[in-house]
Amino acid sequence: MNNKTCSMIAATLLCTASLSVAAAPDTSACPADFHTLTMPDDAKQCQVFDSGLPATLVFYSATPQQTLIDYYTAQYPGMQVAATVQGRTLLTAANDSVRVIISPDHEGSQVDMMIVKAY
């Protein structure tokens, strides 16, 4: 194999590695709460998209979907199931200040939170 071929292969591998790193989600340690909504103890892979209002956060939990639905409706008065579509459950606060979508994800759940205004 000549040097030109090796250079092309090396450049392709470096380019592919750069794309893989760039495409990886920007996750951080999960906070104990997000704008007064508490996080389950096993929350991980947190991604904060907006920290100012409206604020959004996504995380994974090994907790089953129904357990998380029960957790959020019990923890926050006025939080109720608004709709379930294709296995995803939308919870909203009474004043529509908070929206939480809980979706099944492998052995646990993905949780998407949007805080529209102070709860």
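How many aromatic pairs does a search of the whole structure find? Before I answer, please bear in mind that this is a predicted model. The search returns 2 aromatic pairs.

Let me take them in turn. For Tyr 71 and Tyr 72, the ring centres lie 4.9 Å apart and the planes meet at 80°, so this pair is edge-to-face. The cut-off behind that label is an angle over 60 degrees. The second pair joins Tyr 72 and Tyr 76: here the centres are 6.2 Å apart and the planes stand at 20°, so the pair is stacked. In this case the angle falls under 30 degrees, the limit for stacking. Through these ring pairs, Tyr 71, Tyr 72 and Tyr 76 are linked into a cluster.

I turn now to the nonpolar core. The largest one has 21 residues, and the members that touch the most others are Leu 37, Met 39, Phe 59, Val 100, Ile 102 and Met 113. At least two residues of this core come from each of strand E4 (55–61), helix H2 (65–75), strand E7 (98–105) and strand E8 (108–115).

My last topic is the covalent cross-link. A search of the whole structure finds 1 disulfide. It is formed by Cys 30 and Cys 46, whose sulfur atoms are 2.0 Å apart. The angle about the S-S bond is 110°, and the link is right-handed.

What does this link tie together? Cys 30 belongs to the loop between helix H1 (3–23) and strand E1 (33–34), whereas Cys 46 belongs to strand E3 (residues 44–50), so the bond ties together parts that are 16 residues apart in sequence. The two cysteines also fall into separate accessibility classes: Cys 30, at 24% relative accessibility, counts as partly exposed, while Cys 46, at 0%, counts as buried.

Thank you for your attention.

Conventions
Residues numbered from 1 in each chain as written. Predicted model: local features only at pLDDT ≥ 70, side-chain atom pairs only at ≥ 80, totals over all residues. Heavy atoms only, no water. Core = buried A, V, L, I, M, F, W, Y, C linked by side-chain atoms within 4.5 Å. Buried < 20%, exposed > 50% of the residue type's maximum accessible area, 1.4 Å probe, protein only. Helix = DSSP H or I, 4+ residues; strand = E, 2+ residues; numbered from the N terminus. Phe/Tyr/Trp six-rings, centres within 6.5 Å; stacked < 30°, edge-to-face > 60°. Disulfide = S-S within 2.5 Å.
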